[in-house]
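The exercises below ask you to read a protein structure step by step. Try each task on your own before you turn to its solution.

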Amino acid sequence: MIKIENLYKKFNDLEVLKGINLEIKKGEVIVIIGPSGTGKSTLLRCLNYLESPDSGIIEIGNMKIDTENVTKHEISALRRNSSMVFQTYNLFKNKTALENITESLITVKKINKQKAEKIGLNILDQIGLSDKKDNYPSQLSGGQKQRIGIGRAMAVNPEVILFDEPTSSLDPELVGEVLDVIKALAEKNMTMLIVTHEMGFAKEAADRVIFMDEGKIIEENEADIIFDSPRNERTKRFLNKVL
Amino acid sequence: MFDINYAINLFPFMIKKLNITLSISLLSLMFGLIIALIIAFICNCKFKGLYSLAKIYVSFFRGTPLITQLFFLYFGLPQIIPFFNRVNGFTIAIIGLSLNSGAYMSEAIRGAISSIDKGQMEASLSVGMSYFQAMRRIIMPQAARVAIPTLFNSFINIIKGTALTFTIGVTEVMATAKMEGASSYRYFEAFANVIIIYWIVVQLFSFIQQKIEIKMSKAY
């Protein structure tokens, strides 16, 4: 369903991803943890092609590309199979909450406006923000913004939603409402790949936890096993520090 | 002394020529904006080759006086390219002012685009939009709000720049004042009229600018 083989990415001389191999099944919730600067975000951004990997194979849904030999057309086809939730929300500032959600339906999927709005209102209902449909991002709280960000990602109806530290810029009391939305999505069998520092959430919601360090996947296992009895020394040291 | 009757009687003559001034201004604004958008896109995308050309264009037209550009186009070019002998002053004025203001406005637009957080573009791409869809629907509407004050400045400079076009044979407000002043020796009244007309016109557009800015700041 999602398959990453030997993914490499360098920024100038800095090797950020050193051969990532990962398979994700439909409906799986995968949480990536690890120290900062180890390439977790870069991995997500490569999957969405916001960064171009140097080499490796990426397969998402029906789209398989060799990153060393890829056309513009393939990139946009791959992008349409995933969507992203950003740490800093990145909501379209000139669009209302509802328009943020319907934008991709109208411009990318060419769904007519009325139908798109119907889908958008349904999503707003799911994320509990129906009353904010006509508000601009500047009028929303951080938690509300991020829920809209998730709604926007849902509208794409992707094979996988990529979460890049979705709660890291939120006030602590607003983290819960965002995590609740993500958990609700997990219950609906949405495939998700989540980079987060919320260990409690990882333990509770993840089907599988991946520990990354220095551009490599060091250990991956079920959440309980990783948190209660990690096998790798580096995983142990990291978890001792953060838990 | 100041002959108020002469000044008032001269007014209608000059107002009649205002349509020349305004058509040059508005057409130059339109073509200038088109040039500016193209140049801004080239600079934003860093198209190889084209990028250096765009940079040279901007530095040339910002780095030389408008009047020398107009003279070069009107008196200089026909000697090299005979076709330009058949192009009248009115057209040359529009070409010159468009190229000149295009250079300034491209910088304003480029600056406004780069002031937009790059997360806006990333978010657009992440939901599957193309670069041009993102530009049209997300980036440019936000950049426009940033650029409007500077663009109106450029437009005001275009309007005032039309006063130079009498030197290449365009009979606009300034030329009328010069001719009337010369025939009656009443330069003071003639040029006082010119100043008042330009001032009122620019005030009018400043008022429109204010209205647009208020409307845009309400938007989001």
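**Exercise 1.** Is the crossing of H3(A) and H4(A) left-handed or right-handed? Describe also how the two helices are oriented and which residues bring them together.

*Solution.* Keep in mind throughout that this is a predicted model. Two packed helices are described by the angle between their axes and the distance between the axes. Here the axes of helix H3 (residues 97-107) of chain A and helix H4 (residues 113-126) of chain A come within 9 Å, and they cross at roughly 135°. An angle over 145 degrees would count as roughly antiparallel, and 65 to 115 as roughly perpendicular. H3(A) and H4(A) are therefore oblique to each other. As for the handedness, the crossing of H3(A) and H4(A) is right-handed.

Next, look at the residues in contact. From H3(A) come A:Leu98, A:Ile101, A:Thr102, A:Leu105 and A:Ile106, and they meet residues of H4(A) that include A:Lys113, A:Ala116, A:Glu117 and A:Leu124. Sorted by class, the contact of H3(A) with H4(A) has nine nonpolar, two polar and two charged residues.

**Exercise 2.** How many of the eight residues of helix H1 (residues 40-47) of chain A are buried?

*Solution.* Seven of the eight residues are buried, and helix H1 of chain A is mostly covered. Among the buried residues of H1(A) are A:Leu43, A:Leu44 and A:Leu47, but A:Lys40 and A:Arg45 are also buried.

**Exercise 3.** Is A:Tyr89 buried or exposed, and is B:Tyr185 buried or exposed?

*Solution.* Begin with the backbone: A:Tyr89 has a positive phi of about 65° although it is not a glycine, and B:Tyr185, also a residue other than glycine, has a positive phi near 60°. Then locate each one. A:Tyr89 lies in the loop between strand E6 (82-85) and H3 of chain A, whereas B:Tyr185 is in the loop between helix H7 (173-184) and helix H8 (187-219) of chain B. Finally, compare the accessibility with the cut-offs, under 20% for buried and over 50% for exposed. A:Tyr89 has a relative accessible area of 13%, so A:Tyr89 is buried; B:Tyr185 reaches 70%, so B:Tyr185 counts as exposed.

**Exercise 4.** Where is A:Asn81 found, and which residues does A:Asn81 touch, not counting residues up to four places away in sequence?

*Solution.* A:Asn81 is in the loop between helix H2 (72-79) and E6 of chain A. With 12% relative accessibility, A:Asn81 counts as buried. With those sequence neighbours set aside, A:Asn81 touches A:Ile60, A:Gly61, A:Asn62 and A:Met63, together with A:Pro158, A:Glu159 and A:Val160.

Key
Residues numbered from 1 in each chain as written. Chains lettered and ligands numbered in written order. Predicted model: local features only at pLDDT ≥ 70, side-chain atom pairs only at ≥ 80, totals over all residues. Heavy atoms only, no water. Axes fitted to C-alpha atoms, helices over the stretch in contact; angles between N-to-C directions. Helix = DSSP H or I, 4+ residues; strand = E, 2+ residues; numbered from the N terminus. Parallel < 35°, antiparallel > 145°, perpendicular 65-115°, else oblique. Left-handed = near helix turned anticlockwise from the far one by under 90°. Contact = heavy atoms within 4.5 Å. Nonpolar A, V, L, I, M, F, W, Y, C, P; charged D, E, K, R; others polar. Buried < 20%, exposed > 50% of the residue type's maximum accessible area, 1.4 Å probe, protein only.
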